[in-house]
Amino acid sequence: MAHGKGQPVSIETINVPDPEPGEALVQVQTCGVCHTDLHYREGGINDDFPFLLGHEAAGVVEAVGPDVTDVAPGDFVILNWRAVCGQCRACRRGEPWYCFDTHNATQKMTLGDGTELSPALGIGAFADKTLVAAGQCTKVDPAARPAAAGLLGCGVMAGLGAAINTGGVGRGMSVAVIGCGGVGAGAVAGAALAGASRVIAVDLDDRKLEWARGLGATHTVNSKGIDPVEAIQQLTDGFGADVVIDAVGRPETWKQAFYARDLAGTVVLVGVPTPEMKLPDIPLIDVFGRGGALKSSWYGDCLPSRDFPMLVDLYRQGRLDLDAFVSEEIGLDDVEGAFDKMHRGDVLRSVVVLDGGAR
């Protein structure tokens, strides 16, 4: 629970209502500790304190509202924060991954004194149970390890999708990923999964580069001492990469991505910038002359009902190493320490394990 900007998280007893129409009650098994949770704690998202943190989760459906048919009690599910509406202009044109009217549970979870809680990304899964919109639950193979599968609920899916869905990475292409934390590592894994012939991981931390190599990077670049644009060009026969993914989300890294791509190549911004950041100073003639596409990736442009089961199947087949993203399993009272480890770059993901989540 986050009570105010800069205050440490606390563990509280909360009231979780029974599900009404369109809602589902989920017994949470695992929940990853994501940078977005830290942004909520610091007031970087909004100031609707107190927040019930946690959103990168897997669990078992305990009960559903009277009109819910897509999931049922006993289903093992991954939670997502973009339950599509099926009715907006994006959904009607067959692009539900862009849904402009995603929704959450209508009822509020509360503290014992009745104070309403703001669940992180409409989920709030640092808790034994949480109430979500039924569309936020995606049924997957129950044999999957919850700590690994749940990471598809946010960061890993954002990275995988940035490569496969937004970037359109295909066989034989060259890909560079700038920033190899949890999301960037997911992009590396996605590019390798899609059959890219060269996957270049760029970071300032040799530990992260080693993790990226384990997930499929063919080359690594520590940009602390060398120009990453020149390094990427040298590793792609002087041309630049077909797809460059900025998993940092800063003006300087986006500019590097822009110039590190080949002519007619694609830049994908998946790292989330802060509101005060501005586009870097790039001559407009360079935007025109280099061609290609400049894209941003929302949640990896994923459609949970399509992507989560498929990726879990690949994990179960040994073709996608989701276990590699789980740096440690911790208890609910270790979340504050996990934020510190995240700051230091010591982990890809710390995962909170609740009752029934250990395997």
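Student: Is phenylalanine 258 buried or exposed?

Tutor: Keep in mind that this is a predicted model. Buried means under 20% relative accessible area. Phenylalanine 258 has a relative accessible area of 0%, so it is buried.

Student: And tyrosine 259: buried, exposed or partly exposed?

Tutor: Partly exposed lies between the buried limit of under 20% and the exposed limit of over 50%. Tyrosine 259 has a relative accessible area of 21%, so it counts as partly exposed.

Student: How many aromatic pairs does the structure hold?

Tutor: There are 7 aromatic pairs. One of them joins phenylalanine 258 and tyrosine 259.

Student: Which charged end sits over the ring of phenylalanine 258, 4.7 Å from its centre?

Tutor: The distance to the ring centre must be within 6 Å. The charged end of arginine 261 sits over this ring at 4.7 Å from the centre. Arginine 290 also places its charged end over the ring of phenylalanine 258, 5.9 Å from the centre.

Student: Which residues form one aromatic cluster?

Tutor: Tyr40, Phe49 and Phe51 do. Stay with phenylalanine 49 for the backbone. A cis peptide bond joins phenylalanine 49 to proline 50, with omega about -5°.

Student: Where is proline 50?

Tutor: Proline 50 is in the loop between helix H1 (35-41) and strand E3 (51-52).

Student: Which residue has a positive phi of about 60° although it is not a glycine?

Tutor: That is aspartate 237. Its place is the loop between helix H7 (228-234) and strand E13 (241-246). Exposed means over 50%. Aspartate 237 has a relative accessible area of 56%, so it is exposed.

Student: What is the phi of tyrosine 299?

Tutor: Tyrosine 299 is not a glycine, yet its phi is positive, about 55°. Tyrosine 299 lies in the loop between strand E15 (293-296) and helix H10 (304-316). Its relative accessibility is 4%, so tyrosine 299 counts as buried.

Student: Which residues make the nonpolar surface patch?

Tutor: A patch residue needs over 30% relative accessible area. Leu284, Val287 and Leu294 make a nonpolar patch of about 280 Å². Leucine 284 belongs to helix H9 (residues 284-290). With a relative accessible area of 70%, leucine 284 is exposed.

Terms used: Residues numbered from 1 in each chain as written. Predicted model: local features only at pLDDT ≥ 70, side-chain atom pairs only at ≥ 80, totals over all residues. Heavy atoms only, no water. Helix = DSSP H or I, 4+ residues; strand = E, 2+ residues; numbered from the N terminus. Buried < 20%, exposed > 50% of the residue type's maximum accessible area, 1.4 Å probe, protein only. Patch = residues over 30% accessible without salt bridge, like charges linked within 9 Å, V, L, I, M, F, W, Y side chains within 5 Å. Areas by Shrake-Rupley, 256 points an atom, 1.4 Å probe, with all protein chains shown as cover. Salt bridge = Lys/Arg side-chain N within 4 Å of Asp/Glu carboxyl O. Phe/Tyr/Trp six-rings, centres within 6.5 Å; stacked < 30°, edge-to-face > 60°. Lys NZ or Arg CZ within 6 Å of the ring centre and 35° of its normal.
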